[in-house]
Amino acid sequence: MNRRSFLKGGAVLAGAAAGPFNALVARAQEPSHQGGVRRGHTAGYGPLFPTLDLTTGLPLVALPEGFRYLTFGWTGDLLDNGMPTPSSHDGMAAFPAGNGLTRIVRNHERGRGAPFTPTAGVYDPAAGGGTTTLLFDTHRGELISASPSLSGTIRNCAGGLTPWGTWLTCEETFDHTGMPHGYIFEVPTNGLGDPTPLRDMGRLSHEAVAVDPATGYVYETEDAGASSGFYRFVPDAPGQLSLGGRLFMLKIRGVNQANLTGAFENGRTFDVEWVEVGTPDNPASGVPSNFVWAQGRAAGAATFARLEGAWYGNDAKIYVVSTSGGGSERGHIWEYDPARERLRMLFQSPGPEVLNAPDNICVSPRGGLVLCEDGSGEEFLHGLTVDGEIFPFAKNTAVLNGERNGIVGNFSGSEWAGACYSPDGKWLFANLQSPGITLAITGPWKSGAL
């Protein structure tokens, strides 16, 4: 099965909610579906070609004709405080800063070690993860500044932007070597983040969050193998997470302890409800790492296979990635509709040749989804369109021989991470997690679906 025909044979369920991606599901059952035409244009942007980085002149990625990119914020590049940029670039988001400027808050999925910020903005003095904040000029296409914004955390994998203009960075760990970890922290777009964990949001192996601006509810994903939950945090005061709130876990209505890790037809829908987690935080050592999930599960909540990326968009929908879900264990893309309390299976990868373990996700300016692969072998950024086509948009081809900061190695198998668009929609930012490179990609977006 190739990337353009994966939707053949899917099913549409009666009563599916109207909105984005209905065309994806509908086209899945059409016998004549050719998988390539959308309003007179192919949804993709054509074949990928080796493309030189405008910063280094190196062929780090392959892109469609007409697209170009530059790199910045490499591991080892000096930050504004004179310290080297930390490694392991992961999730991030972009925020408007006025006059064509964009601020990017970027995660660093590092473990124990020395913090890379000054003494302020540090949670644990023996932890080396955190965030950096970058200022990018979208008119000139160049980096203006880079500074540390939070440190002393562990395995800052993904997170999410908020409607009030901050970044929520998530620890994908349950480490308790010294201080307890497994929390969410809030980081402003300018300045140092608050190193106080948001304990009511749960202590668990966090991945990503997505905020519904209509309610202020924060939806959280968990990456804990087949024991992963989808959570909803209801703040006591919307937009003021530090004031606390209540944590809930998704349950399939009428089904006790549903297992959503396996195979489901595209378009399958489930009505959902939420069960409360009575004890979202326990900072004591020796506590089982799945104590939050176990509480929800005991109350009948559903379990997923490695929930990772999450993003809000497209008429108030929340898109969630299950990295190892499905019959092939190569990925699910779920859509949650908060207004209807309905969960829908948008896409199940039939195998790695179509989509190989998606991770981070974002919604494009034209409503499609950008999916970051974290599988094995070749690693792609994919586009998934509302009309029912998946296509490769960028391929990692990075091989370095010391040209930048003495970095040497074949990094073409490194995962993509942190995909997000500049507020004006002209630039797609993304990371190659190893060796740690941030890319800004631009080109003829309107000629395709992204």
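Trainee: What makes the charged end of Arg203 count as sitting over the ring of Phe174?

Mentor: The label asks for NZ of Lys or CZ of Arg within 6 Å of the ring centre and within 35 degrees of the ring normal. Arg203 has its charged end 3.9 Å from the centre of the Phe174 ring, so the distance is within the limit.

Trainee: What kind of model is this, and how are its residues numbered?

Mentor: It's a predicted model, where local features need pLDDT of at least 70 and side-chain atom pairs count only at pLDDT 80 or more, while totals for chains, interfaces and linings use all residues. Residues are numbered from 1 along each chain as its sequence is written, and side-chain values use heavy atoms, with hydrogens and water left out.

Trainee: Okay, rings next. How many aromatic pairs are there?

Mentor: Rings of Phe, Tyr and Trp (its six-membered ring) pair if their centres lie within 6.5 Å; planes under 30 degrees apart are stacked, over 60 edge-to-face, and the rest tilted. That rule gives 23 aromatic pairs.

Trainee: Why is the pair of Tyr219 and Tyr336 called tilted?

Mentor: Their centres are 5.2 Å apart, which is within the pairing limit. The planes meet at 55°, which is neither stacked nor edge-to-face, so the pair is tilted.

Trainee: Where do the two sit in the chain?

Mentor: Strands here are DSSP runs of E with at least two residues (helices are H or I runs of at least four), numbered from the N terminus. Tyr219 is in strand 14 (residues 218–222) and Tyr336 in strand 20 (residues 332–337), so this pair ties together parts 117 residues apart in sequence.

Trainee: How do you know whether Tyr219 and Tyr336 are buried or exposed?

Mentor: Buried means under 20% relative accessible area, exposed means over 50%, and partly exposed is in between (1.4 Å probe, protein chains only). Tyr219 has 1% and Tyr336 has 0%, so both are buried.

Trainee: What about Phe270 and Trp334?

Mentor: That pair is tilted as well, at 6.1 Å centre to centre and 55° between the planes. Phe270 is in strand 17 (residues 269–277) and Trp334 in strand 20, 64 residues apart. Phe270 has a relative accessible area of 9%, so it counts as buried; Trp334, with 0%, is buried too.

Trainee: Which residues form a cluster through ring pairs?

Mentor: Tyr45, Phe67, Phe391, Phe393, Tyr421 and Trp445.

Trainee: Now charges. What makes Arg112 and Asp124 a salt bridge?

Mentor: A salt bridge is a side-chain nitrogen of Lys or Arg within 4 Å of a carboxyl oxygen of Asp or Glu. The closest N and O atoms of Arg112 and Asp124 are 3.4 Å apart, so the pair meets that limit. Both residues lie in the loop between strand 7 (101–108) and strand 8 (129–137), 12 residues apart. Arg112 is partly exposed, at 34%, whereas Asp124 is buried, at 4%.

Trainee: How do you know that Glu172 and Arg155 meet in a salt bridge?

Mentor: Their N to O distance is 3.1 Å, so they pass the salt-bridge limit. Glu172 is in the loop between strand 11 (166–171) and strand 12 (184–188), and Arg155 in the loop between strand 9 (142–153) and strand 10 (156–161), so the pair ties together parts 17 residues apart. Glu172 is buried, at 11%, and Arg155 is partly exposed, at 33%. Along with Glu109, these residues are linked in a network of salt bridges. The structure holds 18 salt bridges.

Trainee: Why is Thr119 called exposed?

Mentor: Thr119 has a relative accessible area of 79%, so it clears the limit for exposed. This residue lies in the loop between strand 7 and strand 8.
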